[in-house]
Amino acid sequence: MTQDIKTLAKKLLKLRLAQKIINEYYKKGAFRIPIHLAMGHEAIAVAVDTCAQNQDKLLLTHRNVHYNFLRMSSVRALLNEYLLERSTSQSYVSRGSMNLDNPLSGIIYTSSILGNNLAVGAGVALAQKMKKNNSIPFILTGDGALEEGSFYESLLFLKSTNCPAVVIVENNGWSLATSISERRCHIDLSQLAKSLSIDYHFLDENNVFDYVQKIEEFRSVSITKNSPVLIEVKLSTLGHWILQNQEHINGKFINYHAGPAPKVEISEPFLIEESVDDPVFVTQKYFQNSEWDQLKKDVVNEVMQEGLM
Amino acid sequence: MKYLEYVNSKIKTILAEAPQTAVYGQNINAGSCIGGYTRGLQLPENGLVLNTPNSENSLVGVGFGLMLSGVNAVFFMKQLDFLLLGLDHIVNTHNIVRTTPAVAAFSILPIIVDSGYDGPQSSLNTLSDFCSISSTDGYTLTNKHDIDFVLENFMLSPGFRIIGFSQRLIKSELISFDEKVTHSENGSWFQYTYGSDMTIACFNLSLPQGLLLTQALKAKGIMVSLFSINPVLHKNWQPLLLNYQNSGHLLILDDTKSASSPSQQFSFEAMQSYPHGKVRLEKRQFSESWFVPSSDEFNIDLVDISHWYKGI
């Protein structure tokens, strides 16, 4: 593993805290732009950020806060982007949230159009192969984009041109307010990948240390075999709430999609759920209480130095 | 030399010395090589000629990915209507990519189905619709001079554009002019003849009709200034408007089947710029025949035009 477990855990904690701070700003109505928080997505984001090498590129979706923050590592810088008061960003122009990229730090392209970044990523993969620089794109997408033709087309192109690429599906089971079962039949990604002779891997349970080892391995295999790999990551986007009113006396589950998460409080700066759905909960188990408390304290201090807590 | 042969030869010459470039498309290096347009392509060692799967949407995205990575991309497409599948990228991806300085080229080179024998697919013969929806530069090439200028200057220059060829002209003799051809810096217009009696402005792929008319009018003693106009973003129509103000007669030819075309805007601007002159727009009128195979000629009535000129 290229980074020790404390470093990885700190990254993960800081990413969670950053999102909770943004959520507080959101609750107060600070933003004019739509933001899709990714609380619950931290483990895979930290793993990708850690495993991506210098020349590797990231291609993101509308839900990109986790990857962008890890490359900025400054809550203030991210807030400035979202407040459209740019001062520290490395992007060339203001992109708001859904198209936020950072070419100088490897986030070469971000699109809010479902499935759009897969094809652009395929082009980046071909360019990197032509340049023979031993690097690959990490192309992030979600379960909603599996339903787009461009998902299939892009895998087909990558395989047909023998281009290495790591395609990661963050499967949170929802597209806007509809769950997978409410909108479509089951898609067996492993079978789809098999039909194209593409290696498929399934990750779940939000173990960042395990994810780092595996993503490193998948990246390496992709380059060695000159072939894309497809990784499905099962996760939950945290921040749901139960709507109770006269229409829903017993309560209605509201999935978090975008905007503020009203029930997520910053009074607890890190943990949201005591379950495997929360990468913070999973990571905590690897540390003694005192070590964990120190890590949290260090992260809070770093953010306080930015004048944000 | 035929139009097709010249285009193929020009493309081959430019690509043979191209800095790192990926040239791709369906059958570009196999079978008919897109009717011969891409036959015999060879690139320098760091370049690539790639036959692709039939995935037009993604292939447009691939071009932007190559461009973002500093590799030139040239995507040959057998029919313009295939590009409908890539509209998301030519609008949305382009809108993102264009906000940063371009370091490489992405050019899409479709054949515009401007002959009627493809039936329903021939009903889409208008490059400017694609350029309008995506605020993109476009060029419709009909003759030696615009082929030379546009391909030499824009096919591999940083940024995105669409360069369309005529299916109808494939087997025709290449149109070439003896007089010096002038043009705007960005290729928004070309001028081929310099008469003072009438200004003819040709949109889309109607230059051949404009040329025939110019020659026929010359035989009747009416000397024409003949232009072609491309749907580029930063258009400069002033020289054409001045020419019209001098001639007093502006005939606009437009073979597009689109309900909305830049020729209508040009017509309006011309009438505003010189209300005392005569402006006439010859444009196709909607017909159910567009959706069935036919010769689908865009014919201009010489007698009618002569009468209009003489005020009869």
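Modeller: A salt bridge is a side-chain nitrogen of Lys or Arg within 4 Å of a carboxyl oxygen of Asp or Glu. Please keep in mind that the model we discuss here is predicted.

Colleague: With that rule in hand, how many salt bridges are found across the interface of chain B and chain A?

Modeller: The rule asks for a side-chain nitrogen of Lys or Arg within 4 Å of a carboxyl oxygen of Asp or Glu. When it is applied across the interface of chain B and chain A, the number found is zero.

Colleague: What is the count of residue pairs in polar contact between chain B and chain A?

Modeller: The contact itself takes 26 residues from chain A and 32 residues from chain B, and the area buried between the two chains is about 2100 Å², with 71% of it given by carbon and sulfur atoms. Counting residue pairs in polar contact between chain B and chain A, with both residues at pLDDT 80 or more, gives nine.

Colleague: Which element gives the largest share of the side of chain B that touches chain A?

Modeller: Several elements of chain B each supply at least two residues of this side, namely β1 (21-25), β2 (48-51), α2 (56-68) and α3 (87-97). The largest share, 10 residues, comes from α2(B).

Colleague: Turning to chain A, what radius of gyration does it have, and why does that agree with a compact globule?

Modeller: Chain A holds 11 helices and 10 strands, and its C-alpha trace spans about 50 × 45 × 40 Å along the principal axes. Because a compact globule with 309 residues would have a radius of gyration near 19 Å, the value for chain A agrees with that expectation, being 19 Å.

Colleague: Why is helix α4 of chain A largely enclosed by the rest of the structure, and how many of its eight residues are buried?

Modeller: Among the buried residues of α4(A) are A:Val75, A:Leu78 and A:Tyr82, and what covers the buried residues includes α1 (5-27), α3 (65-72) and α11 (289-304) of chain A. Buried here means under 20% relative accessible area. The helix, residues 75-82, is largely enclosed because the number of its eight residues that are buried is seven.

Terms used
Residues are numbered from 1 along each chain as its sequence is written. Chains are lettered from A and ligands numbered from 1 in the order in which they are written. This is a predicted model: local features need pLDDT of at least 70, side-chain atom pairs count only at pLDDT 80 or more; totals for chains, interfaces and linings use all residues. Side-chain values use heavy atoms; hydrogens and water are left out. Contact means heavy atoms within 4.5 Å. Buried area is the accessible area (1.4 Å probe) that two parts lose on being put together, summed over both. A polar contact is a pair of N or O atoms within 3.5 Å; within protein, one must be able to donate a hydrogen and the other to accept it, and residues adjacent in sequence count only if both atoms are side-chain atoms. Helices (H or I, at least four residues) and strands (E, at least two) are DSSP runs, numbered from the N terminus. The radius of gyration is taken over C-alpha atoms; the globule rule is 2.2 Å times the number of residues to the power 0.38. Buried means under 20% relative accessible area, exposed over 50%, partly exposed in between (1.4 Å probe, protein chains only).
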